[in-house]
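Here's a quick tour for anyone opening this structure for the first time. Have a look at the chain below, then read on.

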Amino acid sequence: MKAVVVYESVWGNTATIARAIAEGIGNDTRALNTSEATPQALAGVDLVVGGAPLMAFTLPTESSRKQIGADPKHRDNPPNLSNPSMRAWLKALGAGSGHGAGFETGFNWSPGSAAKRLAKGLSSAGYKTAMPHERFLVTGTYGPLRDGEIERAREWGATIAGKIS
Ligand SMILES: Cc1cc2nc3c(=O)[nH]c(=O)nc-3n(C[C@H](O)[C@H](O)[C@H](O)COP(=O)(O)O)c2cc1C
């Protein structure tokens with residue numbers, strides 16, 4: 001089974017969860033950012049897991065990313081906006097025939113979802129939903145992740161792999 005975990009991450013928390021999910025899936029699965037997850041990297045995949053931070057109750061938009069880049073309050077925690085947004089990545093995603101699943105990082109209390117939108121994007125491209133979308137919790141805007149979330153992500157990845165193999 002060939003799988004890829006693709007992520008958008010501004011401060012690294014979603015990237016950490018993506019790597020843990022990839023570990024859980026096993027089989028040398030890689031976690032790739034939206035620049036690295038090229039059509040070649042996705043060729044012949046049986047499973048695409050996508051993740052992004054929950055921002056303003058949804059998948060980050062170009063305008064929310066622009067605002068983050070311009071906001072002086074993030075000066076001490078510079079955002080990494082060097083890779084395309086997950087929205088742009090999904091828009092460019094070609095048709096696929098494997099399975100898909102979406103996850104997000106965000107606060108426990110928050111309404112809305114980035115992962116739901118993401119999972120819908122994967123399913124529109126033809127990837128059959130392997131698992132309901134999931135949220136992994138951060139304790140602040142810049143992190144850290146809540147205790148136990150990395151382990152939970154690893155288990156979530158293993159569960160998906162078990163379901164589709
Ligand atoms: C402008 C902005 C809006 C945000 N909105 C939400 C939100 O609506 N719900 C939520 O749970 N977290 C929200 N967050 C917190 C992000 O989910 C958190 O920063 C993210 O999980 C960090 O992931 P990253 O380290 O991969 O970038 C927001 C953060 C920013 C900067």
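## Around the ligand

Of the 21 residues around the ligand, the nearest are W11, N13, T14, G106 and S110, where near means a C-beta atom, placed from the backbone, within 6 Å. This is a predicted model: local features need pLDDT of at least 70, side-chain atom pairs count only at pLDDT 80 or more, and totals for chains, interfaces and linings use all residues. Residues are numbered from 1 along each chain as its sequence is written.

Sorted by type, the shell looks like this (Ala, Val, Leu, Ile, Met, Phe, Trp, Tyr, Cys and Pro count as nonpolar, Asp, Glu, Lys and Arg as charged, the others, Gly among them, as polar):

| Type | Residues in the shell |
|---|---|
| nonpolar | 10 residues |
| polar | 11 residues |

At least two shell residues come from each of α1 (13-25), α3 (62-70) and β4 (99-106). Helices (H or I, at least four residues) and strands (E, at least two) are DSSP runs, numbered from the N terminus.

Buried means 20 or more other C-beta atoms within 10 Å of a residue's own.

Neighbours within four places in sequence aside, A18 is in contact (C-beta atoms within 7 Å) with V5, Y7, A31 and G51.

## Helix α5

In α5, the buried residues are A115, R117, L118, A119, G121 and L122. They pack against β3, α4, β4, β5 (128-129) and β6 (134-137). Just after α5, G126 has a positive phi of about 110°.

Conventions
Two residues are in contact if their C-beta atoms, placed from the backbone, lie within 7 Å. A residue is buried if 20 or more other C-beta atoms lie within 10 Å of its own, exposed if 12 or fewer, and partly exposed in between; C-beta atoms are placed from the backbone.
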